[in-house]
Amino acid sequence: MALRNSTSGPVKTVSFHQNWSAYAFLAPALVILFLSLLLPAAATLLMSFTDVSFLKPTNFVGFDNYVKLFNDTRFQQAVGNTIHYTIGVTFPTMVLGLLAAVALNQKVPGRMAFRTIFYLPVLTSLIAAAVVWAYVYEPYAGPLNGLLTRVGLPPQPWLQNPGLAMNALIIMAIWRDFGTAMIIYLAGLQDIPNDLYEAARLDGAKGKDIFLRITVPMLSSVTFYLLIILIVQTFQVFGAIYVMTQGGPLGSTETVVYQMYQTAFGYTEFGYGAAMSTVLFLTILVFSIIGTRIMRRKDA
Amino acid sequence: MARLELSNVSKSYGAFDAITDVSLAIEDGEFAVFVGPSGCGKSTLLRLIAGLDPISDGAITIGRDDVTRKPAGTRSVAMVFQSYALYPHMSVYDNIAFPLQMERRSKGDIRQQVEKAASTVRLSTRLKDKPAKLSGGQRQRVAIARAIVRKPKIFLMDEPLSNLDAALRIEMRTELTQLHKELGATMVYVTHDQLEAMTMADRIVVLNGGRVEQVGRPMDLYHRPVNRFVAGFIGSPPMNMLRGRVKAIESEYHSFDVAGIGTIVIDGLAERLKIGEEVVLGIRPEYLAPHPAGSEPLIKIGVVPRSVERLGAQTIIHGAIEGQNFTCVFAGDQAVEPGRELSVYCDAANIHVFDAAGTTVSRK
């Protein structure tokens with residue numbers, strides 16, 4: 001095995017023997033990576049071509065699981081729900097995160113306190129937060145309906161109405177995630193040289209122009225990064241659904257990962273679940289590659 | 001173009017006085033350079049003129065317009081920043097067009113103005129490029145074009161050449177001077193480099209500790225500095241400073257006892273020194289010669305060179321007299337050896353005398 005040395009001049013090759021210490025230092029990380037990531041991923045891929053289950057002997061089924069998956073209306077509904085959730089969470093989270101970051105990047109009194117308060121939901125346990133929000137949405141004793149009643153509006157069955165349940169989950173996710181977006185945007189804002197704002201002020205630009213022509217474009221790398229991580233993260237939503245709705249009512253909050261969990265661990269159809277997992281993995285991979293490409297092109 | 005006037009301008013940050021009571025008039029079309037060491041307040045003063053920071057006291061007038069309380073964008077000033085402050089996500093065209101777009105000018109007008117400004121700074125072929133693709137000098141020119149396009153009353157430049165390499169700095173220095181002539185603009189230029197100040201300025205404003213030390217034409221500052229600070233700051237290598245004491249005064253002549261040299265006699269000083277008073281004598285390194293030359297009385301000084309720099313056109317000798325650095329600049333390539341004492345000569349008429357407070361003792 002040989003490595004190419006990319007220095008200028010004649011191409012040199014460096015033998016494995018000469019680089020053994022580099023490989024020795026990399027080895028522990030490579031072993032962990034192999035055991036925790038590559039091995040399970042390969043096992044999942046293999047499983048997706050079988051009908052492995054605790055209840056019967058395992059058979060190789062080729063692409064049957066995938067054919068079944070693409071004809072499964074329940075899976076299609078789960079994909080639709082996942083897209084609804086992803087769009088519903090990602091964009092408002094980014095907009096609110098940006099606005100909060102811009103506001104708290106100014107020298108306003110109490111800005112450190114506000115930054116901490118906005119970031120606190122990110123630090124809370126997801127399960128604990130989901131239990132609290134389940135209480136908030138509780139139709140009879142929940143504080144949200146209590147508030148609605150007090151201002152003269154009818155109470156709503158937030159998590160029991162198929163038309164409302166997904167939006168209720170989205171609101172909770174925005175509450176939980178926008179602190180992350182805010183912190184990342186704040187870091188991005190602090191990277192923008194002050195000279196640019198001063199030059200823009202001297203050039204006659206005012207608040208709106210400065211925000212739209214300087215701040216937003218200067219944050220485009222951060223925005224792309226956030227977009228990708230939020231899409232990847234929301235595609236994998238599971239915990240909140242598991243605690244608050246179990247995919248209901250009428251499958252209206254059943255997302256791909258929740259359905260995958262149900263299929264594999266509820267119905268013990270591990271092969272079919274593995275096929276779902278593989279499709280999800282490939283989808284996320286595509287988004288990640290697109291994101292990385294765009295980022296690279298922007299940096300070039 | 002317009003006249004710029006600062007009247008008793010002060011700026012404080014809490015208890016720290018960055019600028020103290022600066023009054024100054026820069027004439028229409030003049031190229032004024034603010035020069036001084038780091039932290040002297042020159043960039044702060046420029047920012048106050050630009051309106052980027054509010055002043056604590058005083059008034060700023062541009063033309064007939066009192067702009068003291070006006071926001072930055074409405075003062076009709078353009079600024080070229082040390083970092084260039086180009087918008088990295090915009091093309092060269094959009095960078096130059098930005099101020100006009102903010103004025104909501106028509107697209108046709110903007111295109112015409114941008115092309116004209118780009119042509120002035122020789123960037124017509126790079127309009128579609130992003131700043132990252134340009135060299136340091138080209139970025140500098142974009143920043144200048146962005147300033148030109150606004151047709152401001154005053155151009156402000158904050159150390160615009162400090163990020164360029166030495167060769168490019170000399171080239172841009174000439175270009176900026178040329179541009180000033182072409183535009184006939186009032187320019188205020190900040191630098192810590194006295195060479196830039198000397199070569200570019202119509203008038204130099206020397207700042208120190210937030211105060212104006214002296215305002216004058218470059219050669220006035222060189223030949224007639226008002227105090228020790230200006231004398232030491234203007235000129236390179238800096239003026240040699242020798243500590244001494246007034247020994248005797250006889251009619252037109254002052255005798256000084258100078259440590260490490262002996263007695264130096266100077267005539268024609270205003271008689272306001274007292275016998276025994278401490279003074280500092282200043283001698284520019286370039287006014288020292290390796291041979292007796294010039295009008296009498298010549299002062300002979302013995303110096304032991306510690307190091308010798310041969311530049312071809314000049315020989316620079318670094319030595320010390322009584323622990324104080326002493327530098328000589330001789331024309332041409334001189335045969336001087338480090339460690340071997342040599343005698344250097346100076347015309348007494350070229351010696352500056354500063355009193356104990358550092359103020360220049362004027363000559364009759």
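Q: Quick one on α7(A) and α10(A): is their crossing left-handed or right-handed?
A: Right-handed. Keep in mind that this is a predicted model.

Q: At what angle do α7(A) and α10(A) pack, and how far apart are the axes?
A: The angle is about 155°, and the axes of the two helices are 10 Å apart. Helix α7 of chain A covers residues 165-190, and helix α10 of chain A covers 220-235.

Q: So are α7(A) and α10(A) roughly parallel or roughly antiparallel?
A: Roughly antiparallel. The cut-off for that word is over 145 degrees, and the pair packs at about 155°.

Q: Which residues meet between α7(A) and α10(A)?
A: From α7(A), they are A:Asp177, A:Ala181, A:Ile184, A:Tyr185 and A:Gly188. On the α10(A) side they meet A:Val222, A:Leu226 and A:Leu230.

Q: Switching to the interface. How many residues of chain A are in contact with chain B?
A: 14 residues of chain A, and they touch 16 residues of chain B. Helices α8 (194-202) and α9 (207-218) of chain A each supply at least two residues of that side of chain A. α8(A) gives the most, with 6 residues.

Q: Which residues of α8(A) are buried?
A: A:Leu196, A:Ala199, A:Ala200, A:Arg201 and A:Leu202.

Q: And what covers the buried residues of α8(A)?
A: The cover draws on both chains. It includes α9 of chain A, together with α1 (42-50) and β6 of chain B.

Q: What follows α8(A)?
A: A:Gly204, with a positive phi near 95°.

Q: Which residues of α12(A) are buried?
A: The helix spans residues 256-266 of chain A. Its buried residues are A:Val256, A:Val257, A:Tyr258, A:Gln259, A:Met260, A:Thr263 and A:Ala264.

Q: How confident is the predictor in the complex?
A: It gives an ipTM of 0.84 and a pTM of 0.81. For chain B, the mean pLDDT is 91, and 98% of the residues reach 70 or more.

Q: Now chain B overall. How many helices and strands?
A: 8 helices and 21 strands. Its C-alpha atoms fill a box of roughly 75 × 45 × 35 Å along the principal axes.

Q: How much of chain B is buried?
A: 40% of its 364 residues.

Q: And what share of the chain B contacts comes from residues 24 or more positions apart?
A: 65%, counted among contacts with a separation of 6 or more.

Q: On to sheets. What is the strand order in the open sheet of 6 strands?
A: β6-β7-β8-β3-β9-β10, in chain B, with mixed pairing. The edge strands are β6 (77-80) and β10 (211-216), and each pairs on one side only. Neighbouring strands are turned by 20° against each other on average, direction ignored.

Q: In which sense do β3(B) and β9(B) pair?
A: Parallel, over 4 bridges. β3 is residues 31-35 of chain B and β9 is residues 203-208. B:Ala32 stands opposite B:Arg203 in β9(B).

Q: What is the order in the open sheet of 3 strands?
A: β15-β20-β16 of chain B, with antiparallel pairing. β15 (288-289) and β16 (298-303) are at the edges with a single partner strand each, so one side of each has no neighbour in the sheet.

Q: How many bridges join β15(B) to β20(B)?
A: 2 bridges, and the strands run antiparallel. β20 is residues 342-347 of chain B. B:Leu288 stands opposite B:Cys346 in β20(B).

Q: Last topic: β4(B). What does B:Thr61 stand opposite in β5(B)?
A: B:Asp66. B:Glu5 also stands opposite B:Thr61.

Q: In which sense does β4(B) pair with β1(B), and over how many bridges?
A: Antiparallel, over 5 bridges. β1 is residues 4-13 of chain B, and β4 is residues 57-62. β4(B) also pairs with β5 (65-66) in the antiparallel sense, over 2 bridges.

Q: How many residues lie between β4(B) and β5(B) in the hairpin?
A: 2 residues. B:Gly63 in the turn has a positive phi of about 65°.

How values were computed
Residues numbered from 1 in each chain as written. Chains lettered and ligands numbered in written order. Predicted model: local features only at pLDDT ≥ 70, side-chain atom pairs only at ≥ 80, totals over all residues. Pairing = 2+ DSSP bridges. Buried ≥ 20, exposed ≤ 12 C-beta atoms within 10 Å, placed from the backbone. Contact = placed C-beta atoms within 7 Å. pLDDT = per-residue confidence, 0-100. Axes fitted to C-alpha atoms, helices over the stretch in contact; angles between N-to-C directions. Parallel < 35°, antiparallel > 145°, perpendicular 65-115°, else oblique. Left-handed = near helix turned anticlockwise from the far one by under 90°.
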